Amino acid sequence: MKRFFGHIASPTCKRLIIYCVSFIGVFFIGIALDLACGPEPDPYDYYVSFFHNNLQKDSSYQRFYFNGYTFLNGNIYEAERDNKIAEGDINVKEWLTYCGGRVTYKDISNVLYELDEKTDSLYFRGYQKGKTKMPDSLKNNSFIKYLLADKKKMAYLVLAKKGEPLVNPLNDEQWNARRPDKNVLHKFALEYIRMEPGFKNSFLKLRCFYQVQRLLHYGGYTKEASDFYDKHIKTMHSKSHVMGWAMCLKAGEEEQSGNKVQAAYLYSKLFAGYPERRVRAYYDFLTTKVPIESTIKLAKNDNEKATIYAIKGIHNAHVGLAALQQVYEAYPKSEFVSLLLIREINKIEEGYLTTKINGGKYYEDIGYYEHSKYDSVKHSFIKYVPKLKAFCNRIATERKYTEPELGNLASAYLSWIQKDTKAGFKALSAIRSKTLRGKLSDEKQLINLLLLSQSIKKLDKRSENKLLPSLTWLDEKVKQERTQKVDESYFYGKYDLKYYSASARDFYEKLLAPIYFKQKDTVKAALCILKSEMTIPDERVWDENADRGLGFDMPAFWQNNLRSSQLKKVIDWQLSPGKSPYLKLLMAEFKYPVIKKVVRWTKSYKVEKIGEKPGQKTLSATYDLLGTAYLREHKYAAAVRAFKHIDIAKLDRSTNDAYNDSLSKHYNQYADPFADKVRDYPHVYSLKKTQGYNKLTYAETMAWLERQTKVNPKSAAKSYYKMACGLYNTSYYGNAWIYAAYSSASDDKYRTKVFYYDDDYLRNLKAETWFIKARELSNNAEFKARCTFMAAKCRQTQIPVPGSWEQRLADAKYGIKFEGNDHGYSKALRNNYYFSDLKKNYSKTKFYRTAVSDCSYFRDFLTVSKP
């Protein structure tokens with residue numbers, strides 16, 4: 001931690017910091033427990049918002065934008081860190097102005113904040129004793145040269161350097177450091193008092209006075225420090241921010257003296273006038289616990305009253321008009337009108353709109369209110385929206401606020417939430433001819449798009465053309481945000497400050513796609529979903545030899561829900577040169593470049609970045625999805641034609657199983673989709689490309705086998721058997737699931753049928769049919785026994801699996817009772833129809849002994865079924 005002149009937390013602030021840290025800890029532990037069974041929400045992008053929280057003119061209040069998951073959009077340490085940086089920047093700039101352009105910002109900052117403790121001690125303390133030697137690092141420093149030209153100025157800096165550790169302990173010593181003897185601090189204060197008369201300019205006079213007050217303050221001379229402020233600092237006419245820092249000390253002195261009302265009033269002045277102390281002033285104001293009415297009495301003007309009411313409103317995490325109305329009544333031009341109004345709208349978005357759009361349960365979507373109170377909370381929002389809307393209309397019509405158009409925009413947006421499209425357009429039409437500030441103009445465009453989409457009953461060519469100008473505008477906003485740099489060290493950074501990218505994502509997925517789904521136009525709905533997920537291109541990290549690409553880079557909906565006829569339509573559109581402008585806009589993401597970080601595994605299994613290479617959504621991805629859909633639909637010849645459009649190297653990588661043993665020397669593994677195995681586990685992998693090592697050769701093999709069942713009756717039994725093995729192995733339970741699915745999770749087996757291909761992927765219905773067909777066409781008892789056992793394996797996968805314990809706990813939280821039956825499931829596994837068949841008809845075969853040896857369920861069946 002660097003030293004910051006004039007920056008030290010008051011005792012009151014320190015007590016509050018400790019309190020806040022404890023409160024925040026308890027608060028987030030509660031949330032963590034509530035959400036333990038689900039993914040952690042992004043606190044900067046966890047609710048649907050189309051009314052952006054950065055619309056106000058003054059961006060210095062960013063810490064006070066509404067956010068239900070992070071206390072003041074970050075913890076107190078982050079806030080204090082940011083404020084220290086701001087305070088140091090302010091101090092350097094004031095010195096820069098004082099020095100008249102003869103020094104550089106960098107040199108001032110270096111001397112004041114960046115020198116190590118050894119340099120500070122050796123040079124500045126030595127300088128005072130007349131025994132100093134200029135360090136090489138300071139010989140060419142323009143700030144030092146400027147100060148050396150005037151001994152009085154240099155004397156101030158030397159004294160400041162010497163006294164700073166007395167009031168501002170460094171690093172980890174800050175909380176436990178012992179304060180110097182109060183007499184030492186008093187002695188330093190006297191040195192500043194003796195120094196001050198030598199300065200004619202108020203710049204250094206003020207700083208001397210501030211140092212005196214600070215030394216007395218931390219020396220325990222509370223009354224003396226307070227009196228000194230009143231006599232020497234309060235009366236100065238200076239715009240320096242040091243005036244605010246001194247006021248911060250004065251507020252702490254008033255609080256220590258028992259005058260909490262006066263302290264609260266000073267904290268409110270700090271909150272409004274000094275952004276670098278704003279977060280601290282907010283906390284300190286609250287910790288006084290003074291009634292608002294008492295503080296209001298000390299306000300010198302209406303603007304100060306509005307500030308006090310605003311602090312009260314910011315502290316309210318729930319919806320409420322009281323503070324906003326009080327601010328507006330006290331001082332309609334207050335900057336806090338916009339801050340509080342937007343906060344109220346964001347609360348509605350978080351607590352009501354998000355759930356309404358998602359169509360889910362309140363608790364599941366937000367996790368912020370108790371599930372049992374959902375209905376009452378929802379009704380409270382429904383009643384609140386008209387009240388807030390009436391207030392917005394008042395702002396718009398009375399025109400007392402500096403930007404009354406904000407009232408029109410807010411009213412139009414709330415009308416959209418109410419589904420009162422007519423009222424929304426009316427509110428926007430009132431400001432059609434007004435010239436708006438950039439952010440407000442953009443918000444107007446976004447609200448107009450929302451109302452347009454709401455007014456459309458059917459999306460046909462005419463209505464699509466009506467939406468096109470607004471969607472084109474939104475696309476441009478997203479493209480502009482793509483160029484913004486994001487701090488990669490910041491965990492939640494994907495949509496950080498990318499307001500229109502987040503809005504575009506939600507618009508396409510949550511508003512436009514559902515309209516197409518309702519019209520049963522799944523293809524355009526899918527394009528909307530792709531558009532949504534590509535608002536910010538994903539950056540994926542792959543091993544350079546296991547970069548799947550193709551369908552693996554497409555949204556989950558495309559991977560799991562689209563059938564071949566729908567994907568064929570997409571390809572036809574991709575290849576068509578005569579696409580409409582609207583369709584071109586929806587399909588633009590197919591050509592948008594994706595930068596993938598390319599890494600490789602070293603011999604010690606560490607990831608080493610070797611550069612970046614561009615990738616892109618091309619026809620190959622769609623053909624991969626199309627071919628996979630054909631495989632799922634058992635249209636193998638068609639799958640062959642689809643896969644032949646893809647580069648063979650890409651196909652090789654796409655079926656390279658990187659999901660297993662990713663840190664082993666066998667990282668690049670290939671699974672045989674035609675493995676003939678009695679046991680499912682362990683799976684069999686090879687470092688060599690076996691038959692069917694990619695989807696094309698797998699499809700070719702399945703197509704050839706299918707033809708053989710028709711043209712070569714003698715080998716039909718074997719052909720059906722191998723086809724059945726190929727189908728079973730590409731199921732969830734098989735050796736090569738990656739040929740049929742783009743992802744596999746351990747809880748897949750617990751779900752009921754969701755995707756159209758689950759009859760094969762989870763239940764193996766067709767594989768069972770083919771195993772039995774093979775048995776029927778064969779006269780070989782050993783072969784028939786094997787077919788029967790493989791059919792039994794298929795039948796086992798068709799028995800509903802009771803939910804996992806984790807799922808049961810999650811369900812119980814929402815009042816969902818477990819209806820499964822573990823005992824019934826185990827019994828069903830041991831009473832498989834084909835086990836009886838195997839015992840009755842094939843007990844004399846060698847394979848029968850193999851089945852008894854390898855399958856515990858079959859052994860259990862035999863034990864139970866003994867006469």
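**Buried charges and helix faces**

Me: Which side chain of opposite charge is nearest to Arg278, and how far away is it?

Reply: This is a predicted model. Arg278 is buried, yet it has no salt bridge. A salt bridge needs a side-chain nitrogen of Lys or Arg within 4 Å of a carboxyl oxygen of Asp or Glu. The nearest side chain of opposite charge is Asp58, at 4.9 Å.

Me: Where in the fold does Arg278 lie, and which residues does it touch?

Reply: Arg278 belongs to helix 12, residues 278-288. Leave aside residues up to four places away in sequence; Arg278 then touches Ser60, Tyr61, Phe64, Phe271 and Ala272.

Me: What polar partners does the side chain of Arg278 have?

Reply: One partner is a side chain: Arg278 makes a polar contact with the side chain of Ser60, at 2.7 Å. Another is a backbone atom: a polar atom of the Arg278 side chain lies 2.6 Å from the backbone oxygen of Phe271. The names to keep are Ser60 and Phe271.

Me: Which residues of helix 11 are buried?

Reply: Helix 11 covers residues 260-273, 14 residues in number. Its first and last C-alpha atoms are 20 Å apart, close to the 20 Å expected at 1.5 Å a residue. Its buried residues are Ala263, Ala264, Tyr265, Leu266, Tyr267, Ser268, Leu270 and Phe271.

Me: How far apart are the end C-alpha atoms of helix 9?

Reply: Helix 9 runs over residues 222-233, which makes 12 residues. At 1.5 Å a residue, it should span 16 Å. The computed distance agrees with that: 15 Å.

Me: Within what arc do the buried residues of helix 9 fall?

Reply: The buried residues are Thr222, Ala225, Ser226, Phe228, Tyr229 and Ile233. Seen down the axis of helix 9, they line one face, because they fall within an arc of 160°.

Me: Which exposed residues sit on the face of helix 9 turned away from its buried side, and which helices does the buried side pack against?

Reply: The face turned away carries the exposed residues Lys223 and Lys231. The buried residues of helix 9 pack against helix 7 (182-195), helix 8 (202-218) and helix 10 (242-256).

Me: Is Glu344 buried or exposed?

Reply: Glu344 lies in helix 16, residues 336-358. Its relative accessibility is 5%. Buried means under 20%, so Glu344 counts as buried.

Me: Which residues take part in polar pairs with the side chain of Glu344?

Reply: Glu344 touches His318, Val319, Gly320, Tyr384 and Leu388, not counting residues up to four places away in sequence. A polar atom of the Glu344 side chain lies 2.8 Å from the backbone nitrogen of Gly320. A 2.6 Å polar contact joins the side chains of Glu344 and Tyr384.

Me: What distance separates the C-alpha atoms of Glu344 and Leu324?

Reply: Along the chain, Glu344 and Leu324 are 20 residues apart.

Me: What is the phi of Lys289?

Reply: Lys289 sits in the loop between helix 12 and helix 13 (292-296). It is exposed, with a relative accessible area of 75%. Its phi is positive in a residue other than glycine, near 55°.

Me: What is the phi of Lys419?

Reply: Lys419 is in the loop between helix 19 (405-417) and helix 20 (421-429). Its relative accessible area is 60%, so Lys419 is exposed. Lys419 is a residue other than glycine, yet its phi is positive, near 65°.

Notes: Residues numbered from 1 in each chain as written. Predicted model: local features only at pLDDT ≥ 70, side-chain atom pairs only at ≥ 80, totals over all residues. Heavy atoms only, no water. Helix = DSSP H or I, 4+ residues; strand = E, 2+ residues; numbered from the N terminus. Expected span 1.5 Å × (residues − 1). Buried < 20%, exposed > 50% of the residue type's maximum accessible area, 1.4 Å probe, protein only. Arc of directions from axis to C-beta. Contact = heavy atoms within 4.5 Å. Lys, Arg positive; Asp, Glu negative; His and termini not counted. Polar contact = N/O pair within 3.5 Å; in protein donor to acceptor, adjacent residues only side chain to side chain.
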